[in-house]
Amino acid sequence: MNQHTSVAIPKPKTDERLLWDLISGNIGFGTFLVAYDLKLFPFLAEKPRTLTEVCEMLKIHQRPAKALLSMNASLGLLQVKDDCYSLTLFAEDYLLESSSTYLGDFLDLTVATASMYSFENIKKAVLSNSSQIYSGEKLFQTHEKQADLARTFTNAIHSRNLGAAQAWPELIDLSAHKLLLDIGGGSGVHAIHATLKWSNLQALIIDLAPICEVAQEFVERYSLQSRIKTQVSDMWSQPFPKADIHFYSDIYHDWPLEKGHFLAQKSFDSLEKGGRIIIHEMLYNDQKINSAVAAYDIAMLLWTEGQQYSADELSTMLMDVGFINVEVKPTFGYWSIVTGYKS
């Protein structure tokens, strides 16, 4: 008589939802960009729309329209009531041109550079420890269309920072200061909102020549010409102009640790007693576990020489060069500031 031995098959300790969340995250982001590119959000802002109306506007069949709407509703961008689709509050804040925090320029750049985040490019960057394009600074210096590139990139970063730039000046007392030096300030979005909040404050934006041209246009748009100036300067080779606040936004993450230390030391040496440094970044926690910041870290791997830092890493850097009363303040979304004083 034959004996059949049953084989015990180990059961998994977890279910597979995490895998599907990873897959859907990638597909969801691409679907969101398609909806943005097809102008779905301003169409739905006019009034709630049915599936049929969406199909007619986009000139697509019901099957893809359902999938497009369902994904964007699942992402928290759309809501459904009585078979009609409309925008959520989040979409109204960030996806409509009429909003003061509209992300359009940033999303346009994201659409234009979507291929940068391919499997092939990420793998190359991981294996080679090198960016897959020129760094922003080098790109502006060498490309024949540097002025157009500078404008596109600066406008994109401006729109991405609108919410954060309004938030941090509300959480910090700048009443004792006179002049904010916005180092590598881009459009000047942070200098603009700091001066709008603090009437005692003036600002100077320093950056490369084509970027300063764009920054000047933003300053004029906000009618702040009497309080904010721009100056062409190389932060690596030229001395910092006199100021009692040094502000850096998304600068440290462009560079390796030793270059960040160089800037911290240069700011400490340039500031007078009582001067203040403010670093505005998306920060890792001490264990470097945060999916949004980790994704930004991969973007830095693809685009720059740098990386995202933790609050402890930047705080230690500031204290190492002599800054005191160093503190970290969460400000808006995933953004924080790290600040300290020169004694």
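Which residues does His-193 touch, not counting residues up to four places away in sequence? In this predicted model, the answer is Leu-162, Ala-165, Gln-166, Pro-169 and Tyr-222.

- You can find His-193 in helix α11, which covers residues 189–197.
- His-193 has a relative accessible area of 11%, and because buried means under 20%, His-193 counts as buried.
- Among the residues that His-193 touches are Pro-169 and Tyr-222.

- Helix α3 spans residues 51–58 and helix α4 spans residues 62–74, and their axes come within 10 Å of each other.
- These axes cross at roughly 110°, so α3 and α4 are roughly perpendicular to each other.
- On the α3 side, the contact is made by Leu-51, Thr-52, Val-54, Cys-55 and Leu-58.
- On the α4 side, their counterparts are Gln-62, Ala-65, Lys-66, Leu-68 and Leu-69.
- Sorted by type, the residues of this contact are 7 nonpolar, 2 polar and 1 charged.

**A sheet of strands**
- Strands of a sheet pair through backbone hydrogen bonds, either parallel or antiparallel.
- Here, 3 strands form an open sheet in the order β1-β3-β2, and the pairing is antiparallel.
- β1 (49–50) and β2 (78–81) stand at the edges with a single partner strand each, so one side of each has no neighbour in the sheet.
- β1 is joined by 2 bridges to β3, the strand of residues 84–87.
- To see a bridge for yourself, look at Arg-49, whose bridge partner in β3 is Tyr-85.

Definitions and conventions: Residues are numbered from 1 along each chain as its sequence is written. This is a predicted model: local features need pLDDT of at least 70, side-chain atom pairs count only at pLDDT 80 or more; totals for chains, interfaces and linings use all residues. Side-chain values use heavy atoms; hydrogens and water are left out. Axes are lines fitted to C-alpha atoms, for helices over the stretch in contact, and angles run from 0 to 180 degrees between N-to-C directions. Helices (H or I, at least four residues) and strands (E, at least two) are DSSP runs, numbered from the N terminus. Angles under 35 degrees count as roughly parallel, over 145 as roughly antiparallel, 65 to 115 as roughly perpendicular and the rest as oblique. Contact means heavy atoms within 4.5 Å. Ala, Val, Leu, Ile, Met, Phe, Trp, Tyr, Cys and Pro count as nonpolar, Asp, Glu, Lys and Arg as charged, and the others, Gly among them, as polar. Two strands pair if DSSP finds at least two bridges between them. Buried means under 20% relative accessible area, exposed over 50%, partly exposed in between (1.4 Å probe, protein chains only).
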